[in-house]
Amino acid sequence: MSTSDVDERPAVNTRLLETLTSPADLRRLPAVELRGLADEIREQLVRQVTRTGGHLGPNLGVVELTIALHRVFTSPQDVIVWDTGHQTYVHKMLTGRLGRFDTLRQAGGLSGYPSRSESEHDVIENSHASTALSYADGLAKGFQLTGSLERRVVAIVGDGAMTGGMCWEALNNIAAAPDRPVVIVLNDNGRSYESTVGSLAVQLRQLRTGTARGNVFEQLGLAYLGPVDGHDTLALEAALRTAALLQHPVVVHCLTRKGAGHAPAELDEADHHHTVNPGRPDVATSQDRGPAWTDVFGQELVAIADERSDVVAVTAAMVRPTGLFPLACRYPERVFDVGIAEQHAVTSAVGLATAGLHPVVAIYSTFLNRAFDQVLMDAALHRAPITFVLDRAGITGPDGPSHHGMWDLALCGLVPGMRVAAPRDAQQLRLLLRTCVDHQAGPTMLRFPRGRSGAALRATGNIGAAELLTDSRPEVLAAERAEVLLVPVGPLAAASVDAAHRLRELGIRTTVVDPRWIIPVDPELIRFAGEHRLVVTIEDNTLPGGFGDTLARALRRTASRPELITLGLPAEFITAGERADLLHTHGLDAEGITHTVANAV
């Protein structure tokens with residue numbers, strides 16, 4: 001969508017919506033006004049989210065449900081927890097944040113998820129799926145122990161999130177405590193990113209159609225209400241009021257449509273506009289000229305699968321976002337979507353590897369954190385030949401703190417036998433992916449960022465498995481080894497080469513080498529680094545446990561110990577913002593690298 005498309009939209013009528021400054025105002029609104037309010041909210045969602053980018057489809061689907069929740073329950077006295085938190089845009093509008101809604105997912109603006117710094121109505125900042133029921137279980141226990149029995153706990157959980165194991169671990173506890181009432185609102189739209197998978201999807205479909213021979217929730221000991229039309233506010237209110245009176249753990253089964261009320265979203269078969277990009281074009285940079293990283297991975301994996309029948313793929317409810325859709329189209333029997341279950345995905349992949357296959361596990365970097373024990377004790381302990389492909393590694397942008405892929409190197413550096421590669425451009429991604437898949441001695445990992453790959457950078461020579469990106473003539477290298485060596489991780493190579501040119505103009509002889517393999521560090525790279533007076537590592541990963549730390553430990557074991565500066569991200573949660581802006585803030589662009597080196601020498 002272009003900027004003009006957005007600007008030409010008619011002005012949104014928010015007469016009712018603008019009068020609501022808190023849920024108390026909503027509760028006073030006559031029922032006859034609710035349909036008009038829902039229309040205004042949808043118009044506002046479409047207008048604003050297509051401009052800022054964000055999760056449009058999920059929020060269009062919960063308009064009436066959110067209205068009903070805030071009319072029945074008294075937030076924040078009653079705690080409302082959302083799973084996943086990306087469906088809280090309407091909640092934000094109805095809890096006093098409408099005036100800031102145009103700042104959604106912008107630096108310094110409203111978060112795309114619940115945020116305790118924004119509102120007392122956001123009690124939990126949950127942005128990874130399948131967590132709300134565990135929060136709700138703990139809250140209910142806490143209220144019981146502290147005598148806060150008047151406070152009710154409500155958890156909204158999608159059928160997609162219910163494919164995650166944590167939900168069932170929580171249900172196991174919630175159902176076993178009939179004296180701790182928790183209202184579980186099952187927002188059933190048949191999807192996460194795509195269609196909900198597994199036996200649960202079959203059970204819910206049977207409950208929707210009245211053909212179920214049993215009810216899994218009642219068999220666990222939970223009360224069950226529904227199904228109820230999730231777009232009928234009055235029917236929702238009636239069901240929720242009944243649930244609140246039961247004083248017993250209860251599931252309220254609501255049927256909603258992802259993208260409801262906006263034809264382009266409802267007709268989008270891929271993901272019903274789960275996420276939409278901003279309506280304005282981003283500022284082009286030197287790192288935005290190549291194909292999308294995810295597309296390159298998906299295309300190359302298909303080519304590899306054409307050559308090798310043992311290659312299969314596993315993902316956690318993200319076939320399209322992780323680039324596996326082309327492979328799923330060509331070889332559907334070789335792509336396994338396990339639902340929102342990263343732990344299961346990893347250990348299931350170990351089983352596939354044990355059976356003689358080579359699994360490629362495609363997961364966003366931030367979500368691999370959830371499966372660290374499985375990577376360590378299942379994949380690595382068994383030396384399973386698995387390739388982990390981490391999309392959205394490093395700074396990701398407007399999704400904010402929970403989605404930056406800045407922890408994977410620190411975690412994977414602890415894993416014995418793990419080999420980690422970071423391609424600088426699309427060509428390197430193809431080459432390194434093939435090397436990972438060919439590796440049979442244990443797990444490998446390939447990490448790349450969100451967005452488009454940069455222009456290809458030609459290597460001028462080799463230092464072991466690493467590649468020089470600046471002049472490699474012997475007479476030049478002999479001079480430059482006495483000065484500065486820049487060692488960037490992945491696509492930060494482009495900024496490092498730019499910085500090297502700037503430093504040379506300042507009279508500072510600078511070499512750039514792309515390690516390609518960042519765990520373990522190549523002995524030849526360690527030797528080469530020791531021949532320079534100053535070594536600077538550059539990574540958009542957390543500094544503790546990152547590549548710079550790994551290289552520092554290796555250099556400490558050598559006789560030659562150059563001065564080492566590690567540039568990266570601090571061990572704190574990084575705010576939302578455009579990738580280029582955040583890299584600049586943390587000194588990881590050409591300007592920042594140049595400034596650091598110039599000051600150091």
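Select Arg 424, Asp 425, Glu 467, Asp 514 and Arg 516: in this predicted model, these residues are linked in a network of salt bridges.

Within that selection, keep Arg 516 and Glu 467. Their closest N and O atoms are 3.9 Å apart, and the two residues form a salt bridge. The pair links distant parts of the chain, 49 residues apart: Arg 516 belongs to the loop between strand 15 (510-514) and strand 16 (517-519), while Glu 467 lies in strand 13 (residues 466-468). Arg 516 is buried, with a relative accessible area of 13%, and Glu 467 also counts as buried, at 12%.

Next, select Arg 370 and Glu 342, whose side chains meet in a salt bridge with an N to O distance of 3.7 Å. Arg 370 lies in the loop between helix 16 (365-368) and helix 17 (372-380), and Glu 342 in helix 15 (residues 342-354), so the pair ties together parts 28 residues apart in sequence. Glu 342 is buried, at 6% relative accessible area.

Then move to Asp 391 and Arg 392, where a salt bridge joins the side chains at 3.2 Å, N to O. Both Asp 391 and Arg 392 are buried.

Finally, display the whole protein. The structure holds 31 salt bridges, and its secondary structure comes to 25 helices and 18 strands. The C-alpha atoms fill a box of roughly 80 × 55 × 50 Å along the principal axes. For the surface, the protein exposes about 23200 Å², of which carbon and sulfur atoms supply 52%.

Terms used:
Residues numbered from 1 in each chain as written. Predicted model: local features only at pLDDT ≥ 70, side-chain atom pairs only at ≥ 80, totals over all residues. Heavy atoms only, no water. Helix = DSSP H or I, 4+ residues; strand = E, 2+ residues; numbered from the N terminus. Areas by Shrake-Rupley, 256 points an atom, 1.4 Å probe, with all protein chains shown as cover. Salt bridge = Lys/Arg side-chain N within 4 Å of Asp/Glu carboxyl O. Buried < 20%, exposed > 50% of the residue type's maximum accessible area, 1.4 Å probe, protein only.
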